[in-house]
Amino acid sequence: MTLESTVAAVRPADQPAMAAARELQARLTKPAGSLGALEELSVRLAGLAGTCPPPLPSPAAVAVFAGDHGVHAQGVSPWPQEVTAQMALNFLAGGAVVNAFARQAGASVTVVDVGVATPLPEGTDLIEANVRRGTLDMTVEPALTRDEARQAVETGIRVAEEMLEAGAKCLLTGDMGIANTTPAAALIAAFTGCTAEQATGRGTGIDDATHAHKITVVAAALERHAPDPADPLGVLATVGGLEHAAIAGFILAAAAHRVPVIVDGVIAASGALAAAAFAPDAIAAMVAGHLSAEPGAAVALAHLDLEPLLDLGMRLGEGSGAVLALPVVAAAVRVLHEVATFDSAGVSEK
């Protein structure tokens, strides 16, 4: 599907299904409200699916979108750019954290080259969808053309649809890209109106001086381009990254097909903001897997009115926090499928 047709297919949550889920929760053999956030999550997922109980989120599929960034030249990350390609190969070999977590959770992992600067070898299970070999430096010029940003968004849509056609019932966002927290911060500031300082964190771990410099880099890019949040494709093109744009499309496709998408950390949250700018009702499909230690993640999730399921102080990316949240999402749904009601179990209500 194109970007436009995908956006057109996004619909609001189904209110009757949500009401049915709330009513069912009230009849289950437990004190009302005793499952806390899981109860509201089950209601949201029923509203997304348009039925109560909603389908179990299994099988689940992670897409790790990989890309490089011209702003790396500004010294915002201590890691060399070639690590993006090296880590993509590590994902393919099953040796990264997200692979270990996915094996534990029973999720598949797919790696998508949407913008890696270093060509990756043929003969792997990689999805080759490279739009360009890394973005341009957003402090000097737009990171992407509008057409390149569109291509990246539509790559995310296509990958999601292929996963759904293969039987996935839950999608999880993953990412890899050295320096990608810098465009993420710019996207979060552009879409939420927060300052560069509020949106910018330490990424993979930088000292105070580099962090201060990184804030000035983000502020300079925002000042140069003055991105308009009412034009999400323009925001992605000027200060975004190819993996951020692909994640936005991935989320939009999940929403269009009424399938939950577990959003990982700050990179995914910035893509989620773009998806919501394209189609506000897409938020109904989003589940915030965890609260990244990156400050921009909290800003983005607050803007989306999403409560993270986990808070473990993580800031790895890759989809790691989303995968850790998958069993929690599945448990919220399974309650509606399997827990007896007071009437059926012969248990007295208060």
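1. R258 counts as partly exposed because its relative accessibility is 25% (buried means under 20% relative accessible area, exposed over 50%, partly exposed in between, with a 1.4 Å probe and protein chains only). You will find R258 in the loop between α11 (242–256) and β5 (261–263), with a phi near 60 degrees, a positive value in a residue other than glycine. Helices (H or I, at least four residues) and strands (E, at least two) are DSSP runs, numbered from the N terminus.

2. A word on the source: this is a predicted model, in which local features need pLDDT of at least 70 and side-chain atom pairs count only at pLDDT 80 or more, while totals for chains, interfaces and linings use all residues. Residues are numbered from 1 along each chain as its sequence is written, and side-chain values use heavy atoms, with hydrogens and water left out.

3. D305 also deserves a look: its phi is positive, about 60 degrees, although it is not a glycine. D305 sits in the loop between α13 (295–304) and α14 (320–338), and is exposed, with a relative accessible area of 67%.

4. Please check two prolines in the loop between α3 (37–49) and β1, P53 and P59. The peptide bond from C52 to P53 is cis, with omega near 0 degrees; a cis bond also joins S58 and P59, with omega about 0 degrees.

5. Now the sheet. Its 6 strands are open and parallel, in the order β3-β2-β1-β4-β5-β6 (two strands pair if DSSP finds at least two bridges between them). At the edges stand β3 (127–128) and β6 (286–288), each with a single partner strand, so one side of each has no neighbour in the sheet. Strands β1 (residues 60–67) and β2 (residues 107–115) pair in the parallel sense over 8 bridges; A66 has D113 in β2 as its bridge partner.

6. Helices α10 (residues 232–239) and α12 (residues 266–278) pack at about 150 degrees, with axes 9 Å apart. That makes α10 roughly antiparallel to α12 (angles under 35 degrees count as roughly parallel, over 145 as roughly antiparallel, 65 to 115 as roughly perpendicular and the rest as oblique). Axes are lines fitted to C-alpha atoms, for helices over the stretch in contact, and angles run from 0 to 180 degrees between N-to-C directions. P232, L233 and L236 in α10 meet A274, A277 and F278 in α12, where contact means heavy atoms within 4.5 Å.

7. Overall, the chain has 15 helices and 6 strands, and 56% of its 350 residues count as buried.
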